[in-house]
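Welcome! Here is a short tour for anyone meeting this structure for the first time. Take a look at the sequence and the model, and then read on.

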Amino acid sequence: MDLETVLVTTVFLPFWNRVRTSAPLLHQYTDSAGLKGIVESGKLRGTNILFMNDGSESRYASNLIRMGIDDMLLRCQNPVIRPLLGETLKRWVARPQAPVYAFCLTERGDQLSQWRAYGGDRFGYSIGLKLSKWNLNPPDVLTGWQLRLNKVWYSRRRQTKLISSLVEDWSARVAMIASETSGNGLARAELDTAISTLLFSLTGLAEAFKDPSFEEEHEWRLTFSRFGSVRSRGHRGPHPSFSVRPIGLTPWIYLPLQLPSTSSPLPIIVVRHGPGGHPDISKMGLRQFLTVNGYARARVAGSTSPLRV
């Protein structure tokens, strides 16, 4: 078994299995056009995460992980691991911004702040999806891409602990493998593989970190990102399409979902219309729209929020 496979199966997958929690019913807030696109296509769009805000979100997570690696480097006494951590830190700081495509959801299906954000066309909706029914595969080391569903962590203490735990698990495994290797230890290519796989899993953590001030969002993310495999470096991944947004042309892709065998294209459980002046008419139109598109079993509801948009 090659080193990359060993690290993925003995360090990274067990780590994610420990920290991952079962997903409750999750909701995506959108406007009329977004609802129509999701239901009629039976697909979910992942937007390049760098185009979803002003960039401060990705900088927050990147800086936190940089400080975590630096702290581990200062405390590390192992002569094999210490230079690897130094190289990991250097690559993390200098790494190119590989595309991460995300579909954002929340545990809250009727939240005032979300209606305010998505009531621009006077008809906001929240789509309730049971994503735990989906099959999310381990990383594909040949193509270099992985689909993940992660709960977003907001606690700074929790974020720091997760970084330390991941790096410690990786360090222990690599040190053990090096000690069992005869001759001059791990070859240069194997050292490169060890660093690349750690960088990939740290990127996965970065996708799930947000500043504590956003905690009221209760966010989850379905992300599609590139696995840092040495064997996959020549694989460019999907070609994005582009939408026009206030920030400019924004890249997005349809997420490659592994769907269960059901009568409906997507596991939509409920669709709730936002607060508005004509709730009965809104429910009627929404029910007809869902039925025509194969979602007759989906529940239709209205917001209980006092907001009027």
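What follows is a briefing, grouped by topic.

Please keep in mind that this is a predicted model. The protein has eight helices and 10 strands. Of its 309 residues, 48% are buried.

**The overall picture**

- If you take the contacts between residues at least 6 apart in sequence, 85% of them join residues at least 24 apart.

**Helix H3 and what covers it**

- Helix H3 runs over residues 56–75, and its 20 residues should span 28 Å at 1.5 Å a residue.
- Which residues of H3 are buried? They are Glu-57, Tyr-60, Ala-61, Ser-62, Leu-64, Ile-65, Gly-68, Ile-69, Met-72 and Leu-73.
- The cover over these buried residues of H3 includes the helices H4, H6 (156–179) and H7, together with strand E6 (219–226).

**Helices H2 and H8 side by side**

- A pair of packed helices is described by the angle between the axes and the distance between them.
- Helix H2 (residues 32–41) packs with helix H8 (residues 279–292) at an angle of about 25°, and their axes are 10 Å apart.
- Angles under 35 degrees count as roughly parallel, and H2 and H8 are therefore roughly parallel to each other.
- On the H2 side, the contact is made by Leu-35, Lys-36, Val-39 and Glu-40; on the H8 side, Leu-286, Phe-289 and Leu-290 meet them.
- Sorted by class, the contact of H2 with H8 has five nonpolar residues, two charged ones and no polar ones.

- Ser-201 is found in helix H7, which covers residues 188–207.
- Is Ser-201 buried or exposed? Its relative accessibility is 0%, so Ser-201 counts as buried.
- Setting aside neighbours within four places in sequence, Ser-201 is in contact with Phe-12, Trp-16 and Leu-166.

**Salt bridges to look for**

- Glu-87 and Arg-91 form a salt bridge in which the closest N and O atoms are 3.0 Å apart.
- Why are Glu-87 and Arg-91 separated by about one helical turn? The two are four residues apart in helix H4 (residues 81–94).
- In general, an α-helix has 3.6 residues a turn, so residues three or four places apart point the same way.
- Glu-87 counts as partly exposed, at 24% relative accessibility, and Arg-91 is partly exposed too, with a relative accessible area of 26%.
- Glu-107 and Arg-108 also meet through their side chains in a salt bridge, at 3.6 Å from N to O.
- Glu-107 is partly exposed with a relative accessible area of 22%, and Arg-108 is partly exposed with 37%.
- Another salt bridge links the side chains of Glu-217 and Lys-210, at 2.7 Å from N to O.
- Lys-210 counts as buried, at 5% relative accessibility.
- Salt bridges that share partners join Glu-87, Lys-90, Arg-91 and Asp-192 into one network.

Technical notes
Residues numbered from 1 in each chain as written. Predicted model: local features only at pLDDT ≥ 70, side-chain atom pairs only at ≥ 80, totals over all residues. Heavy atoms only, no water. Axes fitted to C-alpha atoms, helices over the stretch in contact; angles between N-to-C directions. Parallel < 35°, antiparallel > 145°, perpendicular 65-115°, else oblique. Contact = heavy atoms within 4.5 Å. Nonpolar A, V, L, I, M, F, W, Y, C, P; charged D, E, K, R; others polar. Buried < 20%, exposed > 50% of the residue type's maximum accessible area, 1.4 Å probe, protein only. Salt bridge = Lys/Arg side-chain N within 4 Å of Asp/Glu carboxyl O. Expected span 1.5 Å × (residues − 1).
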